[in-house]
Amino acid sequence: MKFLYYPLDKNYLSSGCGTIKHGNALSFKVDTLGEECNLILFNDKLGKEVVYKMQKVDGFFSVTISDLEVGLYFYYFVCDGLIFGRDEFLQAVNYKDLNDVQKYQLTVYKKNYKTPDWLKGGVIYQIFPDRFNRSKKIKLKAKPNMKKWGEMPDFLPDENGKILNNDFYGGNFLGIEEKLPYLKELGVTAIYLNPISKSYSNHRYDTSDYLSFDDLLGTDEQFASLVNTAEKNGIRIIFDGVYNHTGDDSVYFNKYGTYDELGAYQSKDSKYYSWYTFQKFPNLYTSWWGINVLPTINKNSKEFENFITDKVIKRYFDFGVFGTRLDVVDELPSTFVKKIRKAIKKHNPDGVLIGEVWEDATNKIAYSRRCEYFLGEELDSVMNYPLKNSLINYLTTGKTANLKQTVLEQINNYPPCALNLLMNILGTHDTERILSVLSGAKIPSDRLSASMFNLTENERELAIERLKLAFVFLFTIYGVPSIYYGDEIGFEGAKDPFNRSCMIFNGGDKNILNLVKKLSKIRSENKVFKQGETTVKYADNGVFSFIRQDDETEITVILNAGNYDFLVDCDNLEELVSGKTLTKYNLERNSYLILKRRLK
């Protein structure tokens, strides 16, 4: 039976995607020769289905719904007794068994939900503070395990079999400030800083004191100087909020008696005792993933939540920061995330809240609960790991299906204001270096082998070709590109700690760097990248192409990660990287085009 439906086409779904503001009417239309058709809509929160009878008009079945409450829904169709759901590319297909049907997703979000415009069309740069730049103007604070800049980080367990992460290189606030001209030239508009609070470790995810910066990084005055100087250069600061756990060597837990204040580990009379969960006081307590140096915050502790929203958020935003990235946000209670959002928007209505989520954040289930990140009361954006993974799969295999599916699902699932703010990544402090991944080489998992891992000349050459395609994609697709420091000059490395090596500003691959600078310039000069619509144009034979379009401009991006050349009719359009006007172009393997058409 003929049955046509596609939610990204406004002829079939009036919103043009699977999201709509609360209060707006939504029309569904299907093209079929059937005699009777129903829309079956499942309310995820209530756990029940509602049947909407569709009316046949001019050969199409249609129905309009105007009373949907805020929430997540899933739907499918039944036509003449036949069940129709979606395939991997959102096209309608027939299913024999209702238990097998893949349903379409629909999100109704709050009508006042908006995301900060200042970051759209921009570029994020992620800095691991200890390893980015050490200013020589400041005498280093004493640390027990200081290393020379560029030395191999400690990577083997100690005599007790523990990885301590207590080696330091001395990167600091003033060091970052000194490199702001470099970041400005790179086109960066926002810096995402990994944690900067006082901590025991070099990664600083084991917070010792939320209200103090780590001594090695600098003072309040130096952080204020960084924030102010960055903003004068068109760059805003986003800090890492680690609110699921603290360090055991902290003011609050104080397991080792480091601090004068009475910690939860020391006494049940501690004012911080309710922050944690003890199974048997004091040595048996809940910790993050069983890592006992990271005691987990009690999810019911309103005292902790109030401390974060009333004091910690205020402290940072009083410095003039413009955003927060929430570490392991799926482990925070929804009520807490809502409170954090309210606190941020109170201090700065343009403040951005980004979550660490490794899956599709619009429908994620965490700890048996459906998350509500994009209904309008929680996040503005998430780190886009699904897109990263799909892009890597495409670039290393030449197969387009997975990338096409991810792109179409994200266009359908995320509210447009969030889609255009997604933090698109190639790598982070938690992943292997993107250049190493794109080489196709087998990256060792054991630390000793990983410490000796380097790409061969041929592997590196292939990886650089693929990395250029990755950056072209990242800078032109919906969302905001995020560069992990050093990727722009071709850093290599396995997982932690080899992906956290010291930044080298006078080395690296200048060809990659120059391309990133060019892409940043293209991005800043074309507002279509701020919130233009995205449409997949072609995905086959190793070639992936999409269009970004607004009222004034249409930009077509074509990537060839396949094994064969691809002839492109360029229609006398300007290619933005080369600056040339092209008619027909033979797109070779691991090459790209960015073609611009002016509509006005």
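F84 stands opposite N94 in β10. This is a predicted model, where local features need pLDDT of at least 70, side-chain atom pairs count only at pLDDT 80 or more, and totals for chains, interfaces and linings use all residues. Residues are numbered from 1 along each chain as its sequence is written, and side-chain values use heavy atoms, leaving out hydrogens and water. Helices (H or I, at least four residues) and strands (E, at least two) are DSSP runs, numbered from the N terminus.

- Strand β9 covers residues 82–86. Four of its five residues are buried (under 20% relative accessible area; exposed is over 50%, partly exposed in between; 1.4 Å probe, protein chains only).
- Two strands pair if DSSP finds at least two bridges between them. Strand β8 (residues 71–79) pairs with β9 in the antiparallel sense, over three bridges.
- Which residue of β9 is the bridge partner of F77? That partner is F84.
- The hairpin of β8 and β9 has two residues between the strands. There, D80 takes a positive phi near 50°.
- Strand β10 (residues 92–95) pairs with β9 over four bridges, also in the antiparallel sense.
- The hairpin of β9 and β10 has five residues between the strands. In this hairpin, L90 has a positive phi near 75°.

**An open sheet**

- Four strands form an open sheet in the order β1-β3-β7-β6, with antiparallel pairing.
- The edge strands are β1 (3–4) and β6 (55–57), and each pairs on one side only.
- β6 and strand β7 (residues 60–65) run antiparallel, joined by three bridges. Q55 has S62 in β7 as its bridge partner.
- Strands of a sheet pair through backbone hydrogen bonds, either parallel or antiparallel.

**Helix α5**

- Helix α5 has 17 residues (302–318). The expected span is 1.5 Å times one less than the number of residues.
- The buried residues of α5 include F304, I308, V312 and F317. Among the elements that cover the buried residues of α5 are α4 (220–232), β16 (236–241) and α6 (334–347).
- G320 follows α5 and has a positive phi, near 100°.

**Nonpolar cores**

- A nonpolar core is a set of buried Ala, Val, Leu, Ile, Met, Phe, Trp, Tyr and Cys residues joined through side-chain atoms within 4.5 Å.
- The largest core has 161 residues. Y5, F28, Y125, F223 and Y243 touch the most other members.
- Helix α12 (residues 457–476) gives the largest share of this core, ten residues.
- Another core, of 17 residues, lies apart from it; V352, M383, Y385 and V480 are among its members.
- Leaving aside neighbours within four places in sequence, F223 is in contact (heavy atoms within 4.5 Å) with residues including F173, F213 and Y316.

**Cysteines**

- How many disulfides (pairs of cysteine sulfur atoms within 2.5 Å) does a search of the whole structure find? The search finds zero.
- C371 is in no disulfide, and its nearest cysteine sulfur, that of C417, is 18 Å away.
- C371 counts as buried because its relative accessibility is 4%. C570 also counts as buried, at 0%.

Definitions and conventions
A disulfide is a pair of cysteine sulfur atoms within 2.5 Å.
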